[in-house]
Amino acid sequence: MSLPGTNLLNRIHTRRARVGIVGLGYVGLPLAVEFARAGFVTTGIDLDVRKIDAIRQGTSYIPDVPTPELAKLVAQGQLHATSDFSVVASLDTINICVPTPLRKTKDPDMSYIVSAVEAIAAHLHPGLLVILESTTYPGTTEELVKPMLEATGLKAGVDFFLAFSPERVDPGNPKFNTRNVPKVVGGTNPESTELACALYSAAIEHIVSVSSTHVAEMVKLLENTFRAVNIGLVNEIALMCDRLGIDVWEVVQAAATKPFGFMPFYPGPGLGGHCIPIDPFYLSWKAKQTGFEPRFIELAGQINASMPHFVVDKIADALNRHRKPLNGSSVLVLGLAYKRDIDDIRESPSLDVMTLLHQKGAHVRYADPHVPTLPGRSWHGGFELHAQPLTPAALAAVDCVAILTEHTAVDYDMVLRSARMIVDTRNAIVGCHSHVLKLGAPAPPLEPAFPAEKAVA
Ligand SMILES: NC(=O)c1ccc[n+]([C@@H]2O[C@H](COP(=O)([O-])OP(=O)(O)OC[C@H]3O[C@@H](n4cnc5c(N)ncnc54)[C@H](O)[C@@H]3O)[C@@H](O)[C@H]2O)c1
C-alpha cells in the first residue's frame with residue numbers, strides 16, 4: 001500500500017480519520033450518525049441550511065434517526081453540520097449521498113453529483129478518500145467523477161482514493177438499517193477498495209467487496225430493476241385477476257407458501273419513492289448508448305405507470321355503484337406516502353391518482369398520519385392540502401375512500417364501518433364487503449338502477 005494509503009488506513013483503524021458526508025437526506029444522515037457512533041468525528045455537508053440548523057440544534061428530521069441519539073452525538077462533538085465545503089480541506093474521507101433524479105425525458109439528472117464533486121474538487125487534497133453512494137448508471141465514478149477530480153492535477157488511486165458503494169437503506173424498515181444491511185464496495189483500484197472497506201467496516205456489520213466501481217454501480221441497478229420488474233409482473237397479474245374475477249391477494253399469499261423458487265411481490269396503485277421508479281431508467285439510458293434496448297425495464301415501467309389510471313377507473317366504478325360520476329364527487333385518498341409507515345411522498349402514485357381525480361372534476365382530499373401537509377408544488381393539482389383527521393365523520397362525509405398506502409396506524413375497521421364506498425388497492429380491508437372494491441379481486445354484485453326489462457316476445 002502507498003504511503004498516503006497506509007496513513008489513511010491507520011487513521012481509520014484508530015478512529016482519528018475525519019469523516020465527511022455530502023447530502024444529509026434519507027441516506028446521508030443515517031450514515032453520518034453511524035460513522036459518528038463508530039467513534040469518528042463526522043461532518044455533514046448540505047446546501048439546505050434548514051437541515052444544518054436542525055442538526056446543530058440536535059433535532060432529527062429523518063424518522064429512522066431518533067432525535068435523542070442525534071442530539072447526544074452533536075452535544076459530544078462527534079457530529080457536526082455545515083454548508084461550507086471548505087471543511088473538505090480538513091477531512092480524510094467523504095461520502096457523496098446527493099439526489100439522482102430523472103429529467104422529464106427519463107434521462108439521468110447528474111446535476112447534483114456534478115455540483116457536489118465540483119465543490120469537493122475545489123478542496124481536494126492528497127490522501128482523501130472519496131466514495132460516491134448516490135444510485136447512478138454504471139460508469140459514473142470512472143467516467144464522470146474521476147476526470148472531474150483529476151482535473152485538479154491529483155491522480156485517482158495514487159494521490160487520492162475513489163470508490164463507489166451503493167446505498168441500500170430501506171426507510172421505515174424496523175429490521176434492517178444502515179448498520180446491518182451488507183455494504184457493497186468497489187474502488188477504482190485495489191487500494192481504494194481496501195480503504196473504503198476499512199472505513200465501512202468500522203460502522204457497518206458486513207462488507208462485500210467487488211472488483212470495480214462498475215460492478216458496484218450495476219449491483220444496485222440489478223437490485224432495483226429486479227423489484228421494478230417483479231412489481232410490474234404482479235401488477236399485470238392483478239389486472240388479469242381483476243378481469244377474471246380471481247382474488248390476486250389470495251393467489252400471491254398461497255403462492256408464497258412455496259418454499260423455493262418464488263418470492264412474493266404485491267400489486268398496488270403504482271411505483272413510488274426515490275429509487276424503484278427511477279433507477280432502472282439510469283440503466284436503460286446507459287444501455288441505449290450502446291444500441292441495446294432494455295425491454296423488461298420499459299415494459300415494467302409502462303405497466304407500473306398505468307396503475308394510477310386503473311385505480312381512478314376503479315374509483316369511477318365504485319361511484320357508479322351509487323350512480324355518481326367522478327365529476328363533483330368527493331374522494332378521500334387514504335395514504336399519501338409512497339409506502340407504509342413513512343413520510344416520504346416523492347414519486348408517490350397517490351399524487352398521480354389525486355391529480356387524475358382532480359382533472360376529472362372530483363373534490364380531492366387526503367388523510368395520512370405521516371404527512372400533515374401537501375404543498376401545492378408537490379402535485380399537479382397545484383394547491384396546498386392539509387391531512388383530514390381520520391374520524392368516522394370525515395370518512396362518512398365523502399363519496400369514496402381510496403386506500404392507496406396501508407399505514408399500520410390506521411384503524412381499518414373504522415374505515416370499513418364509516419365509509420360509504422371504499423376502493424382498496426392494498427388489501428388493507430379483510431374479507432369481502434358490498435361497499436368495498438379491491439384492486440385485482442372479484443367485485444361485489446352490482447344492484448342495477450332499473451329492473452331487468454322483459455324480453456320482447
Ligand atoms: N431514500 C432512499 O430510500 C434511498 C435508498 C437507497 C439509495 N438512495 C439513493 O441515495 C441518494 C440520496 O437519496 P436521498 O433519499 O438521501 O435524497 P434526499 O433528497 O433525502 O437527500 C439528499 C440531500 O442532498 C442535499 N444536496 C443536494 N445537492 C447537494 C450539493 N451539491 N451539496 C450538498 N448537499 C446537496 C439535499 O439538500 C438533500 O438534503 C440518491 O441517489 C438515491 O437514489 C436513496
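**View 1. Buried residues of helix H6.** Thr-140, Thr-141, Leu-144, Val-145 and Leu-149 are the buried residues of helix H6 (residues 140-150). They lie on the same side of H6, because they cover an arc of only 115° around the axis. The arc is taken from the directions from the helix axis to the C-beta atoms. Buried means under 20% relative accessible area (1.4 Å probe, protein chains only). Helices (H or I, at least four residues) and strands (E, at least two) are DSSP runs, numbered from the N terminus. The model is predicted: local features need pLDDT of at least 70, side-chain atom pairs count only at pLDDT 80 or more, and totals for chains, interfaces and linings use all residues. Residues are numbered from 1 along each chain as its sequence is written, and side-chain values use heavy atoms, with hydrogens and water left out.

**View 2. Packing partners of H6.** H5, strand E5 (129-132), strand E6 (161-164) and helix H8 (213-244) pack against the buried residues of H6. Contact here means heavy atoms within 4.5 Å.

**View 3. The shell around the ligand.** The ligand has 28 residues around it, and Val-27, Asp-46, Lys-51, Thr-100 and Arg-346 come nearest. A residue belongs here if one of its heavy atoms lies within 4 Å of the molecule. By type, the shell holds 15 nonpolar, 7 polar and 6 charged residues. Helix H5 (residues 111-121) supplies the largest share, 3 residues.

View 4. A polar side-chain atom of Lys-51 lies 2.7 Å from a ligand oxygen atom. Backbone N or O atoms also lie by ligand oxygen atoms, at 2.9 Å for Val-27 and at 3.4 Å for Val-98. The protein buries 93% of the 830 Å² that the ligand exposes taken alone. A polar contact is a pair of N or O atoms within 3.5 Å; areas come from the Shrake-Rupley method with a 1.4 Å probe.

How values were computed: A polar contact is a pair of N or O atoms within 3.5 Å; within protein, one must be able to donate a hydrogen and the other to accept it, and residues adjacent in sequence count only if both atoms are side-chain atoms. Ala, Val, Leu, Ile, Met, Phe, Trp, Tyr, Cys and Pro count as nonpolar, Asp, Glu, Lys and Arg as charged, and the others, Gly among them, as polar. Buried means under 20% relative accessible area, exposed over 50%, partly exposed in between (1.4 Å probe, protein chains only).
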